[in-house]
Amino acid sequence: MIVVMKHAASEQDINAMIAHVESLGMKPVVLRGTERTVIAAIGEERTANVGQLESGPGVDEVLPILAPYKLASRELKSESTVVTARSFVCGGGTIGVMAGPCSVENEEQIVATARAVKAAGATALRGGAFKPRTSPYSFQGLKEVGLQHLATAREETGLAVVTEVIAPDDVDLVTKYADILQIGARNMQNYRLLEACGKSPRPVLLKRGPSATVDEWLLAAEYILDAGNPNVMLCERGIRTFEAHTRFTLPLASAPYVQAKTHLPVVMDPSHGTGHTHLVTAMARASVAAGADGLIVEVHPNPDKAMSDGYQSLNFHQFENMMHECRRIAAAMDRTLGA
Ligand code: PEP
Ligand code: MN
């Protein structure tokens, strides 16, 4: 529920309402706007007596939040959230660009990639150090050594680093090295991991589960917000359908749909969303045209030799070309792409 305070409500009225919401067993979230203050009452609504809240001093009206997710909803917060990490900006007219290999393989590979993607205008470096692989026999990532290589690449280029965390116990370690925590598609409903990332001071990139509905995805984001982390980016990385021509099916409508329902920025992943290098640039262009707030793209110095996802990775030249084309589309929409 949202308690809209009157323009003339005093600080005492606001504090009394906060205490009242708490006494109903709900969590008060105070949003101070220029015009008026709004207090969201988050929690189980069935037991709360709306009438009691409505008659409180300084209250203008009490409105229900109709969406199943509350903190993520536009009903609660109408202004769009802009997520920043160092030079990386995502939202508010700036399209954040995260680029880099699927996996960190060695220092030379990640530093060379960081330099190339930065020169092409990317604002963050991606690279998996902990890899959730379909097969237990596939390369599982360099783990902490991979995180150290990412930190070296950041020192060399100044790019923000985004990397996946796959277990709640690893959140502190990854927080130590990374600027943005990535929660992978396979972990979208790992609620203990969502809560642990919600307690990290780092922004979170939450990938959509390949079989998750949009509401399930947004409720997963709600776990992170509810644990205290307001900096969540939603990443559409493609869903499982009957279609086998692409690795996954990338629903472009997720961008405008999710932007209408939530205030959180939406990042599109045309690499996992297509699974084929030759389709990535076209879907990156389409994502920008659809209004995405960010892109995450796999880039490798030599995709044929990549230890994971080489078949969907761009080489440096292809990435530079993608950026050039996407920048023109961004300009047509009065947006800025990357740096
Ligand atoms: C990745 O980004 O390399 C990755 C594993 O992505 P996803 O979780 O979307 O499959
Ligand atoms: Mn990958």
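**View 1. Right-handed crossing of α3 past α4 in the predicted model.** Helix α3 passes helix α4 in a right-handed crossing, in a structure that is a predicted model. The helices span residues 107-119 (α3) and residues 144-157 (α4). Their axes come within 9 Å and cross at roughly 35°.

**View 2. Residues in the contact of α3 with α4.** On the α3 side the contact is made by E107, I110, V111, A114, R115 and K118. Helix α4 contributes H149, L150, T152, A153, E156 and T157. Sorted by class, the contact of α3 with α4 has five nonpolar, three polar and four charged residues.

**View 3. The shell around ligand 1.** The residues around ligand 1 are C102, R126, K131, E164, Q182, G184, A185, R186, K207, R237, H272 and E298. This shell divides into seven charged, three polar and two nonpolar residues.

**View 4. Side chains of K131, Q182 and H272 at ligand 1.** A polar side-chain atom of K131 lies 3.0 Å from an oxygen atom of ligand 1. For Q182, a polar side-chain atom is likewise 3.0 Å from an oxygen atom of the ligand. In the side chain of H272, an N or O atom is 3.2 Å from an oxygen atom of ligand 1. Ligand 1 taken alone exposes 300 Å², and the protein buries 97% of that area.

Definitions and conventions. Residues are numbered from 1 along each chain as its sequence is written. Chains are lettered from A and ligands numbered from 1 in the order in which they are written. This is a predicted model: local features need pLDDT of at least 70, side-chain atom pairs count only at pLDDT 80 or more; totals for chains, interfaces and linings use all residues. Side-chain values use heavy atoms; hydrogens and water are left out. Axes are lines fitted to C-alpha atoms, for helices over the stretch in contact, and angles run from 0 to 180 degrees between N-to-C directions. Helices (H or I, at least four residues) and strands (E, at least two) are DSSP runs, numbered from the N terminus. A crossing is left-handed if the near helix is turned anticlockwise from the far one by less than a right angle, and right-handed if clockwise. Contact means heavy atoms within 4.5 Å. Ala, Val, Leu, Ile, Met, Phe, Trp, Tyr, Cys and Pro count as nonpolar, Asp, Glu, Lys and Arg as charged, and the others, Gly among them, as polar. A residue is near a molecule or strand if one of its heavy atoms lies within 4 Å of it. A polar contact is a pair of N or O atoms within 3.5 Å; within protein, one must be able to donate a hydrogen and the other to accept it, and residues adjacent in sequence count only if both atoms are side-chain atoms. Accessible areas come from the Shrake-Rupley method with a 1.4 Å probe; for residues, only the protein chains shown count as cover.
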